[in-house]
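Hello,

Please find the structure below. My notes on it follow.

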Amino acid sequence: MAVAMLYLLFNWYDKKYFKQNPISAKIQERVFKAEQKVLALIYNKFHIQRHIPLIISDEFHSNLYGLTSYKDKNIKIYLNKKRFKESENYMIEEVIPHEYAHAMVFLLGEKAPGDGHTALWQKICLELEGKECIQYVDNETIIREKMNSFF
Ligand SMILES: [Zn+2]
């Protein structure tokens with residue numbers, strides 16, 4: 001029974017994955033590997049084993065990198081397909097840990113105020129080997145960081 005359920009889950013997952021995502025096989029492979037890596041880190045560091053759907057969608061505005069939704073205790077992570085074009089490495093190395101850290105905050109039950117980039121979120125993001133894990137404290141911080149990158 002457990003085996004059948006698992007099969008269905010992966011079957012569904014694969015179909016959804018490929019139907020919605022005519023992105024290159026190379027990117028799909030990289031996303032899959034990054035997902036496996038982050039799930040292993042979650043298991044090793046937090047002893048939580050949970051399937052969290054990771055969906056690549058082109059239905060978002062191009063400004064957005066990723067999104068974690070939490071509704072009726074269901075967590076889903078979305079990555080913006082449009083962003084893979086020019087930011088493939090950033091999507092893989094930064095956005096995936098960033099979004100899984102949001103998912104973990106939901107799982108751990110913290111009521112995340114504001115935009116959800118709390119101290120706990122940042123700590124988890126770094127544990128999941130995110131490179132930046134920036135807590136976008138306010139607009140000024142973001143602007144300053146953007147300006148610094150020009151110098
Ligand atoms: Zn975020």
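The protein has 5 helices and 3 strands, taken as DSSP runs numbered from the N terminus (helices: H or I, at least four residues; strands: E, at least two). Their order from the N terminus is α-α-β-β-β-α-α-α.

This is a predicted model, in which local features need pLDDT of at least 70 and side-chain atom pairs count only at pLDDT 80 or more, while totals for chains, interfaces and linings use all residues. Residues are numbered from 1 along each chain as its sequence is written.

Sheet: the 3 strands form an open sheet, ordered S1-S3-S2, with mixed pairing; strands pair if DSSP finds at least two bridges between them. S1 and S2 (66-71) are the edge strands, each pairing on one side only. S2 and S3 run antiparallel and are joined by 6 bridges. Leu67 stands opposite Tyr78 in S3.

Core: the largest nonpolar core contains 21 residues, and Tyr100, Ala101, Met104, Ile124 and Leu128 have the most contacts inside it. Such a core is a set of buried Ala, Val, Leu, Ile, Met, Phe, Trp, Tyr and Cys residues joined through C-beta atoms within 7 Å. Buried means 20 or more other C-beta atoms within 10 Å of the residue's own (exposed: 12 or fewer; partly exposed: in between), with C-beta atoms placed from the backbone. H3 (84-108) is among the elements that each supply at least two core residues, and H3 gives the most, 9.

Of the protein's 151 residues, 21% count as buried.

Regards
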